[in-house]
Amino acid sequence: MGTVMEPAATAGDTGIQTVVTKVRDRARAMPDTVAMREKRYGIWQDITWGHYYEQVELVGHALLALGVEEGDRVAVHSENRPEWLYGDLGTNAIRAITMGLYPTNPAAEVRYLLQDSGSKVLIAEDQEQVDKAIEVEADCPDLKTIVYLEPRGVRDYDHPKLMSWDDFIALGVEHRDRDRDAVERLIASAESSDIATLIYTSGTTGPPKGAMLTHGNVSFAMHTLIEGGGFYDPAPGPKDVILSYLPLCHVAERAATTWTNAEAGVTVHFAESIETVQVNLREVQPTLFFAVPRIWEKMQAGIFIKMNAASPLKKLVYKAGMGLANKIGDEMVANDGAHTPLTRVLYAIGYPFVFRALRDRVGLRKVRAAGSGAAPIAPEVLKFFFGIGVPIHEIYGMTENAAVATVNRRGRVKLGTVGEPQPGIGFRLDEETGEILTKHPGVFAGYWNKPDKTQETFTDDGWLRTGDVGEWVDGTHIKIVDRIKDIIITAGGKNISPSEIENSLKTSPFIKEAVVIGDKKPYLTALIGIELDTVGDWAQRRKLPYTTYRDLSEKPEVLELIQKSIIKTNDKFARVENIRKFRMMPKELDHEDGEMTATQKVKRSALHEIFGPLVEDMYGNTTEHAGGDLSEVHSGTRPTADDEAEVA
Amino acid sequence: MTEQSDRTPTGKTPIATSSRATLRGRPMLYTEYARDQALLNTPSKRLWTALLVITMFAMPFLPFITRSGLSDMTRLMALAIGAIGLNLVTGYAGQVSLGHAFFVGIGAFTGAALGGSPTTNVVGYELDLLIWLPAAGLVAGLVGLILAPLAARVRGLYLAILTLGLVFIGEHIFKEMVFISGGQGVGRRGPSPSILGFELYVPHEILGIQFVREAPFFYFVLILLIVMGVLARNLARSKMGRAFAAVRDRDIAAEVMGVPLLQTKVVAFGISSFYGGVCGALLAVAFGQLTPENFGGLGGLLLSVQFLAIILIGGVATISGPIIGASFVVLMPRLVQAYAGSIPFVGSGSLLSVQQLEGILFGVLIVLFLVLEPRGLFGLWLRVRNYWKAWPFSY
C-alpha cells in the first residue's frame, strides 16, 4: 500500500506532455519503484522507473551520436521486451519517429517496410531478425545502422552496419558525457504535431500503409482510453499488473503496454515469448488483461480440452460449476453485464469449488477488467468468461483513430455490439453506406508518404472513414456489420455480411478459420480450416488415427463434424445467408505464406487465389476436394504425392 | 546474451514498498532466486511445517502420550536419521545397500565405548555427548569411505551381496572385540547422554515446568533430526545431489556428462555411513543395552532390511519419506497391539499371534507398495497433493 506520489511537474520543464515526459516525471518522483519486470535467467528481474528513464535517455543520446535527426525514422523489430520501450521512447525523446515491425514479418515485408518508412536505424532483436535485415539491407539505402539486442549467433557477423546494444548504449553514455542536456532540450522542444510513431496497417488488401500518429493523437488516446477508463474501467493505477505479449507495433498493445504504463504507472511484465504466455500468465496473474478474440477462444478451448481429460469427480464439479456459470452469464448479459444479487450469490457458491481454481490455472484469478478487440468476438465466448467471473469488455478502434472509437462500459454491456462511442468524440454513421465515421483529436495525421490514400480516408468535411459498416442498437450501442469492402453481393443481388456468418461458424471449438464465399455467385459456400488442437483431441478420444493436418481435415468423421457445425449456424440465419457447400483448407493459414496478415487476419484476395481450385470445385458441382454439402460429405480424390508437394 | 551490467541487481537497491504490492498473492512470480529455491516456498507449506514442528515440541505434554510412547518417538526419530542416510546412498545415488546395519553398529559401539561407563570387561570413557556423538558418525563415515572404493566397482545385485557380506564381517568383529562390545550374548550398556554436564536422560524441572526422564533426550533427537534432515535435503538439491541422481539413473551416461563416478559413489557411501553412525549412537542410548547380535549377523540383516523397508514404504529419494516410513514401522506394531483384541483369529491361542500378524502385515505392505506405489507413502501424499493442485484439471 502506501501513497504513491503523483508525478509533479518539475519547475523549469517546458513543452508538452508526451509519453516520454510522463516516464521522466515518474522516474524523478519514484526512481526506485518497479516500472516493469522481465523474465531473465529464470526469475522476474525488476526494472525501476529510474533505470527505465536512464535507458530512454541513453538511447536518445546514442541515436543523436548516430546522426539521427528530428523527424528521422527508427525501426524496432523485436518481441516485447524492455528494449522495445527504451528504443521507442528514446526515439521520441529526440523528436524522431518510431516504426515497429512484427517479429513474424518475413524478409520481403521487412524490405518494404524499411524502404517505405526510410528508417535510418533498425533495432533488431536477434539473429533471426538481423538475418532478415542483412538480406534486404542493400535495397534500403536509408538504413545506416542495425542494432542487435541478443548477440547469440550474431557476435561473429562481420557487417559494417551491425552494432550490439551494449555498444549502442556505450555510444549513448559517451554522447551524454559530451552534451548532457542534448536529449532534455529536444524533449522540451517537442510539439504536439510531431509525429511520434508510424503504425503500419496490417494490409488485408494491398501493401501496408504507415499511419502517422502525432504526440497530440497519443496524448488524446492516453487521456480517453487510460485516464478516462475507456480501455479498462475503472481506470488503471499503480497497483495494477499487466502482462505484455501482443505485438507492440500494433496500436492496441502499444496502448495496453507503453501508454498504460506511462499514464497510470501499472507494472508491466514482459512474457518470455508468445509460446510461454500461458505459463507467464499463471505466474504474473495480471489485474488487467487485453487479448484478441483468438486468444480468448484458445483459452476457452484449452479449458474444454483439459476438462475432457479430467477425472470423473472433477468433471462432475466442473459441470455443476458451468451450470452456475451459464446462469451467471445469462443473467449478466440480460443485465447489461452488471452483477445482480442473484449472480453474486451464485458466484459466491461456485467460487471456492471451481471459479477460483479455474481462474488461477489460466492466470486470470486477479483480473478485474479485461478487454477484447482488434477483431469481432463471439458472444458465447464473452458469456463463458462473464460466467467464471472475468468481465471482458469489447472495445473498438483502429490505428487511424488511435484506437479511440467505442467501448462497452462496465455495467452497460450489450453483447454483439462494440459498445458506446467514447465520451466527447465525434462519431456518426454515413447516411448512405452506414460506414462509421469519427472525428476527434486522436484521428491520425495521414498515411506516411501516401497523400492520395490519406485523402481517400477522409470525407470532404474532415471525418475519418473507418471502412467498417455499423448500425445502432437501441440508439446507444454500435454493432459492426462488416468491413465495407468485404460485404458480399450474391448473384441474386442480396447484401450479405460474411464475417457475421464466419464468426458464428468459429464459435465451434473445432473450427479455427472460416471464409465465406459468394460474391456474384448464386449461393454461399465456405472454406473451413480446423482447429488442430481440439479436433486432434476429439479424434484421439474416438481412436481415430491421423497423420497430418490435411489428413485429419479430410477424415469423413471430421467432415461430418464440420457439417454439423455448419447446419447449426445455418439455422441462425435467413435462407439466403445459408452455406450450401464447404471445402476443407488443406493447410493451416500462415503469415509467412502470405495467407494471413501479421495480426492473423485472413487475406481474402490471397485465399481466393491460393484455394481457387477448391472454390471452383464447389461451384462446378464436382467433388475433387474434401468437403461436403448439407446432406453428404466426401473425402475427395486421394491426394497424390504431387498434390501434397504442391500444397506444402 | 546481453549482459545487463548496469541493471539494478536484484535485492541490492531498496525497492519502494508499493512495488511489493504487485507481488502479493502471486506465489509463482519469483523476483529472487532465493525465494524461487526456498524449501518452504508457499504459505501453506510454511503453515503446515510450523504446525508439525509445534506439535512435535508439545509432544511430551500431550495427555495421551505415555513415557513409553515418548521413547518410541525417540527411537522413531533415530531410525529416521539412519534411514535418511540410507536413502542418500540407495534412493538418491541408486546404490543398493544391505550393509547399513554394519555402519549403525559401528556408531552404536563407538558411542557406547566413548560415552558409556567402564566395567570389568568393557572400556568406557564417559565422555561428553558433544564428543561421542560426532565421533560415532565420523568413525562410521570413515569406515564407509574406506570400503566405498570396493563397493563402487560393482552395482545392482552384486553390490547387494557385497554389502550383505559387511553384516557378517561385522558380526565377527563385534563379537571378537569384547573390550568394546561386551562379547557374544553379553553386550554392554549404552552411553549416558549429557551435554556439558546437563544430563539428558533424567527428569528435569526448568522454569517451573516438569520434564519427564525421556523428554530432554526426545527434544535433543528431534532437533538433530530437523538439522540433519535439512542438511540432507540441501545436499540432495545441490550439485552433489544432482550427481547422485545422474549416477543412479545411468552411471555410464553420468560419467560421459563429466560426473566422476568413483568420487560420487564414495561420497555417497561416506555420508550415508555418517548418518548411520549417528543413528547407531542414538539407538544405543534408546536401547539402553546392546549386543553384537543387534547389529551383526541375522539381527543385522533384519535391521538392514528394516531400514530398506522404511525408505521403500516412506518414499525412495525423498527426505520426508524416511521420516514417514520410520513412523509407520515403529507405530504400526503398536496399533496392531492396541487393536489386536478386536480382530478375529488374532491373539494368544488363536490362529495368529500378534507378532505373526505384524510380520505378515509388514511383508504384505512392502509387496503392495513396490507394486502399486513405488514412491511410497510420500508418493501417496504427492498424488493427493497433485490432485488438488491441478484442480479442476487433471494435469
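In the predicted model, 28 residues of chain B are in contact with 42 residues of chain A, a contact being a pair of residues whose C-beta atoms, placed from the backbone, lie within 7 Å. On the side of chain B that touches chain A, the elements giving two or more residues are α1 (17–21) and α2 (33–37) of chain B; helices (H or I, at least four residues) and strands (E, at least two) are DSSP runs, numbered from the N terminus. The largest share of this side, 4 residues, comes from α1(B). By class, the side of chain B that touches chain A holds 13 nonpolar, 11 polar and 4 charged residues, where Ala, Val, Leu, Ile, Met, Phe, Trp, Tyr, Cys and Pro count as nonpolar, Asp, Glu, Lys and Arg as charged, and the others, Gly among them, as polar.

Residues are numbered from 1 along each chain as its sequence is written, and chains are lettered from A and ligands numbered from 1 in the order in which they are written. Local features of this predicted model need pLDDT of at least 70 and side-chain atom pairs count only at pLDDT 80 or more, whereas totals for chains, interfaces and linings use all residues.

Chain B comprises 17 helices and 6 strands. Its radius of gyration is 23 Å, close to the 21 Å that the globule rule gives for 395 residues, so chain B is as compact as a globular protein of that length; the radius is taken over C-alpha atoms, and the rule is 2.2 Å times the number of residues to the power 0.38. Of the 395 residues of chain B, 40% count as buried, that is, 20 or more other C-beta atoms, placed from the backbone, lie within 10 Å of the residue's own. Among contacts in chain B between residues at least 6 apart in sequence, 74% join residues at least 24 apart.

Chain A contains 22 helices and 27 strands. For its 648 residues a compact globule would have a radius of gyration near 26 Å, and the 25 Å of chain A agrees. Of these residues, 52% count as buried. The mean pLDDT (the predictor's confidence in each residue, from 0 to 100) of chain A is 91, and 96% of its residues reach 70 or more. Over residues 1–12 of chain A the pLDDT is below 50, and this stretch has 15 contacts beyond near neighbours in sequence. Residues 640–648 of chain A also have pLDDT below 50, with 3 such contacts. Where pLDDT is low, the predicted coordinates should not be read in detail.

Chain A is divided into domain 1 (13–22 + 45–191), domain 2 (283–445 + 467–482) and domain 3 (488–647), with bounds from an automatic or database domain assignment. The centres of domain 1 and domain 2 of chain A, taken over C-alpha atoms, are separated by 36 Å.

Strand β3 (residues 73–77) of chain A has 5 of its 5 residues buried, so it is largely enclosed by the rest of the structure. R73(A), A75(A) and H77(A) point one way from β3(A), and V74(A) and V76(A) the other way. Strand β4 (residues 97–101) of chain A runs parallel to β3(A) and is joined to it by 5 bridges; I97(A) in β4(A) is the bridge partner of R73(A).

An open sheet of 5 strands has the order β23-β24-β25-β26-β27 (chain A), with mixed pairing; strands pair if DSSP finds at least two bridges between them. β23 (511–517) and β27 (633–634) of chain A stand at the edges, each with a single partner strand, so one side of each is left without a neighbour in the sheet. β23(A) runs antiparallel to β24 (residues 524–530) of chain A, with 6 bridges joining them, and A514(A) stands opposite I528(A) in β24(A).

Technical notes. Two residues are in contact if their C-beta atoms, placed from the backbone, lie within 7 Å. A residue is buried if 20 or more other C-beta atoms lie within 10 Å of its own, exposed if 12 or fewer, and partly exposed in between; C-beta atoms are placed from the backbone.
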